[in-house]
Each structure stands twice: as structure tokens, then as C-alpha cells.
Amino acid sequence: MSFSTHVLNAVTGLPAAGLHVRLEHDGRVVAEGRTDDDGRIKGWHPGAGVHRVVFDTGSYLADTFYPEVVVTFTVTDPSRHHHVPLLLSPYAYSTYRGS
């Protein structure tokens, strides 16, 4: 399985560069890093099962209601790519299963 994410700042309309993101499986961190200049992280390979991707939004947005955003998802077919995008603003966020 490969995993990627893309974070867009809905206030500025620009990618959220430098946002700290970690990927967890079975209660442990399996990957972590910061989004690139295009707001992306790619190339993580965590395997099958239930995963949590944690976005450290509190250190990215100065005044946010959500200090972190956690998206829990299940990988049933580890041969497929999994993409979890995040659209972010200080008082709202949205995510979906991308391609």
C-alpha cells in the first residue's frame, strides 16, 4: 500500500506547506514528516489495517479551533494507493478518499 496526502489552506487558497503530519498504526507512529511546498506528502508505505493520519493544525494556523485533525481510515486492499486530502481553515475542515 502506498499513502499520500495533500493539504490546502482554504483561507489563502494555497497549499499548506510545512504542516507536520504523522501516520499511526496499532498505536504507534509508522511515518511522519512535513508537507512540501505544494502541501503534499507521498511515498509512505504503512501496510493493511486501520490507520490514523494526524495533522498538527495548531502549529500551522495561529488561531484555530482544531489544534489537530485526525482522520482514521481502513486499508482492506494493500495493493491500492490511498490518498487522504485535507481542506483546512481555522474553524472548519473537510476530507475525503482521494485517488
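Which side chains meet in a salt bridge at 2.9 Å, N to O? The side chains of E24 and R52 do. A salt bridge here is a side-chain nitrogen of Lys or Arg within 4 Å of a carboxyl oxygen of Asp or Glu. E24 lies in strand β3 (residues 20-25) and R52 in strand β6 (residues 49-55), so the pair ties together parts that are 28 residues apart in sequence. Strands are DSSP runs (E, at least two residues), numbered from the N terminus.

The model is predicted: local features need pLDDT of at least 70, side-chain atom pairs count only at pLDDT 80 or more, and totals for chains, interfaces and linings use all residues. Residues are numbered from 1 along each chain as its sequence is written, and side-chain values use heavy atoms, with hydrogens and water left out.

Side chains of opposite charge can pair when their charged atoms come close. The search of the whole structure finds 3 salt bridges. E24 also takes part in a salt bridge with R22. Here the closest N and O atoms are 2.7 Å apart. E24 is buried, at 12% relative accessibility. Buried means under 20% relative accessible area, exposed over 50%, and partly exposed in between (1.4 Å probe, protein chains only). R22 is partly exposed at 23%. R52 is partly exposed as well, at 31%.

A further salt bridge joins R40 and D38, at 2.8 Å from N to O. R40 has a relative accessible area of 32% and is partly exposed. D38 is also partly exposed, with 35% relative accessibility. Shared partners link R22, E24 and R52 into one network of salt bridges.

Strands of a sheet pair through backbone hydrogen bonds, either parallel or antiparallel. In this model, 4 strands form an open sheet in the order β4-β3-β6-β7. Their pairing is antiparallel. Two strands pair if DSSP finds at least two bridges between them. The edges are held by β4 (28-34) and β7 (69-75). Each has a single partner strand, so one side of each is left without a neighbour in the sheet. Neighbouring strands of the sheet are turned by 20° against each other on average, direction ignored. For such angles, axes are lines fitted to C-alpha atoms, for helices over the stretch in contact, and angles run from 0 to 180 degrees between N-to-C directions.

The pairing of β3 with β4 is antiparallel and spans 6 bridges. H25 has R28, in β4, as its bridge partner.
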